[in-house]
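Subject: Structure for you to look at

Hello,

Here is the structure I said I would pass on. Please open it beside this email and follow along; my notes come after it.

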Amino acid sequence: MSKIVPRSAGRRPTAKFSPPRRPHVLTDSIRIIPPGVSVSNNVTIGILALQGAFAEHQATLQKLSCQKKIVVVLVRTAEELLACDALIIPGGESTTIALLAKLSGLLEPLRTFLQKKPVWGTCAGAILLAQAVENTKKGGQELLGGISVTVARNGWGSQVESFEAPLSIEGLRDPTTPFMGVFIRAPVVLAIHPSTENPLIEIIARLPVNLVPKSQKLMAHDEGDSGPHDSQSIVALRQGRHMLTTFHPELTKDSRFHEYFVGACVLPTLL
């Protein structure tokens, strides 16, 4: 098969595949509370609101039920970030988000936050969480890091080559019902970099080769790769308390990925 994105030479590392752990059971109700208001028994989830689909993430979080009351903070300043127990970095334009974060004095606070608290990046957010990125704009790309992967921007092609695909994911509520992945100028995972110094990489979801649109092409496999386990097929993964999805869960009416992030990544850090 022909390449659609650049890649580094050599074999890509592999990660141990294990079905994602069931998140904590989500019960009770949700409410929105202004930033800075201190209320007991709350979990405060920030959404980086510099550019992109932050409003869609907020709307989805409002649907959730949780063991704790969920406080949603739209994060635009370092002070708002400090109030959060976890953060979502939305889809959008990764270069623009990084530039606005730099201008807002948020780059270093975000990197510090990543060292201590859970962060989930969707599409552009996934690019920002990567250890390295290829196919960048001229001048390069500021990254936050946090997840040991290399990704390529626009790995499936341009806006007109966007597509949707049903994903079977065991770790979600009602796993027999596929989750519809919305891929819009989505990044591709080129390589994973497992290390004994970092948490295990857990693969949550893959895009089956038979679901790749005919207009799209996977890169040629390295020797030793097999179709279902090629790193490019990874569309959702966890490393410790952090998570990335190369698609846009926030652009669907299905809140199960948000439930998973809260239950599996956020609540355990508050115990």
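The structure holds zero disulfides, a disulfide being a pair of cysteine sulfur atoms within 2.5 Å. Cys84 counts as buried because its relative accessibility is 0%, and Cys123 counts as buried at 4%. Here buried means under 20% relative accessible area, exposed means over 50%, and partly exposed lies in between, with a 1.4 Å probe and protein chains only.

Before you go further, note that this is a predicted model, in which local features need pLDDT of at least 70 and side-chain atom pairs count only at pLDDT 80 or more, while totals for chains, interfaces and linings use all residues. Residues are numbered from 1 along each chain as its sequence is written, and side-chain values use heavy atoms, with hydrogens and water left out.

The whole protein

Buried residues make up 52% of the 271 residues in the protein. Its accessible surface comes to about 11900 Å², and 53% of that belongs to carbon and sulfur atoms. Such areas come from the Shrake-Rupley method with a 1.4 Å probe, and for residues only the protein chains shown count as cover. The secondary structure comes to six helices and 12 strands. Helices (H or I, at least four residues) and strands (E, at least two) are DSSP runs, numbered from the N terminus. Of the contacts between residues at least 6 apart in sequence, 78% join residues at least 24 apart; contact means heavy atoms within 4.5 Å.

The sheet of seven strands

Seven strands form an open sheet in the order S2-S1-S3-S4-S12-S11-S10, with mixed pairing. Two strands pair if DSSP finds at least two bridges between them. Strand S2 (69-75) and strand S10 (201-206) stand at the edges with a single partner strand each, so one side of each is left without a neighbour in the sheet. On average, neighbouring strands of this sheet are turned by 15° against each other, direction ignored. Axes for such angles are lines fitted to C-alpha atoms, for helices over the stretch in contact, and angles run from 0 to 180 degrees between N-to-C directions.

Some of the pairings can be followed residue by residue. S1 and S3 are parallel and share three bridges, with Gly46 opposite Leu87 in S3. S3 and S4 are also joined in the parallel sense over three bridges, and Ile89 stands opposite Gly121 in S4. Five bridges join S10 to strand S11 (residues 234-239), and these two run antiparallel. The bridge partner of Ile203 in S11 is Leu237.

Which way do the residues of S3 point? Ala86 and Ile88 point one way, Leu87 and Ile89 the other way, and all are buried.

Helix H1

Helix H1 (residues 54-61) lies across strand S1 (42-48), S2, strand S3 (86-89) and strand S4 (119-122), and runs at about 160° to S1. Which residues of H1 are buried? They are Phe54, His57, Gln58, Thr60 and Leu61. Seen down the axis of H1, these fall within an arc of 165°, so they line one face of the helix. The arc is that of the directions from the helix axis to the C-beta atoms. What covers these buried residues includes S1, S2, S3, S4 and helix H6 (256-266).

The other strands

Three strands form another open sheet, in the order S5-S6-S9, with mixed pairing. Its edge strands are strand S5 (130-134) and strand S9 (188-192), each of which pairs on one side only. Neighbouring strands here are turned by 30° against each other on average, direction ignored. Strand S6 (residues 147-152) and S9 are antiparallel and joined by four bridges, with Val151 opposite Val189 in S9.

Strand S7 (residues 163-167) and S8 also pair in the antiparallel sense, over five bridges. Ala165 stands opposite Gly181 in S8. Strand S8 (residues 179-183) is mostly covered, with four of its five residues buried.

Lys102 is found in helix H3 (residues 94-103). Leaving aside residues up to four places away in sequence, Lys102 touches Leu107 and Glu142. Lys102 and Glu142 are 40 residues apart along the chain, and their C-alpha atoms are separated by 8.9 Å.

Regards
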